[in-house]
Amino acid sequence: MAQPCNPLLTAPHRIATVALTVRDLGRVAGFYRDALGLAPLGEGAGEVTLGVGRVPLLRLRGDPGAAPGSPREAGLFHTAFLLPTRADLAQWLLHAA
């Protein structure tokens, strides 16, 4: 009997750059830069790209006219950045603390 296909076995281990549209580009870019430690990799035309080394992880697109979410919606998103080693995680935790 054939084994059922488990999508987790074939899922990619790395997701490309995540793009978010934000109302306050400077404030949100500052949070990802200062609080999370991502480095600016490029900027222009209402957009900021942040990442580590030369690897872009996050592209923020500024749109001051972006409508706020409905109060009936959670309006939440989740982005996870997987660090290569436990030592890298420890270094980031020191940065965050």
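Tutor: Start with Asp-24, which is partly exposed at 37% relative accessibility. The classes are buried under 20% relative accessible area, exposed over 50% and partly exposed in between, with a 1.4 Å probe and only protein chains considered. The model is predicted, so local features need pLDDT of at least 70 and side-chain atom pairs need 80 or more, while totals for chains, interfaces and linings use all residues. Numbering runs from 1 along each chain as its sequence is written, and side-chain values use heavy atoms, without hydrogens or water.

Asp-24 has a charged partner. Its side chain meets that of Arg-27 in a salt bridge, 3.6 Å from N to O. The term requires a side-chain nitrogen of Lys or Arg within 4 Å of a carboxyl oxygen of Asp or Glu. Arg-27 is exposed, at 58% relative accessibility. By this rule the count is 4 salt bridges. Another one links Arg-33 and Asp-34 at 2.9 Å, N to O. Arg-33 is partly exposed, at 37%.

Now the part to look at closely: strands S3 and S4. Helices (DSSP H or I, at least four residues) and strands (E, at least two) are runs numbered from the N terminus. S3 covers 47-52 and S4 covers 55-62. The two run antiparallel, joined by 6 bridges. Strands count as paired if DSSP finds at least two bridges between them. S3 and S4 form a hairpin with 2 residues between them. Gly-53, in the turn, has a positive phi of about 60°. Gly-51 stands opposite Pro-56 in S4.

What ties the hairpin together through charge? Glu-47 and Arg-59 form a salt bridge, their closest N and O atoms 3.3 Å apart. Glu-47 lies in S3 and Arg-59 in S4, so the pair ties together parts 12 residues apart in sequence. Both are partly exposed: Glu-47 at 26%, Arg-59 at 25%. Shared partners join Glu-47, Arg-59 and Arg-61 into one salt-bridge network.

Arg-59 also faces another strand. Ala-19 stands opposite Arg-59 in S4. S1 and S4 pair in the parallel sense over 5 bridges.

Next, Thr-49, also found in S3. Thr-49 is buried, at 12% relative accessibility. Leaving aside neighbours within four places in sequence, its contacts (heavy atoms within 4.5 Å) include Pro-40, Gly-42, Pro-56, Leu-58 and Arg-59.

Val-48 belongs to the largest nonpolar core, which has 11 residues. Such a core is a set of buried Ala, Val, Leu, Ile, Met, Phe, Trp, Tyr and Cys residues joined through side-chain atoms within 4.5 Å. S1 (18-22), helix H2 (25-35), S3 and S4 each supply at least two residues of this core. H2 gives the most, with 4. Not counting residues up to four places away, Val-48 touches Leu-25, Ala-29, Gly-42, Glu-43, Leu-58, Arg-59 and Leu-60. Among these, Leu-25, Ala-29, Leu-58 and Leu-60 are core members.

Last, the setting. The chain has 3 helices and 4 strands, in the order α-β-α-β-β-β-α. Of its 97 residues, 15% count as buried.
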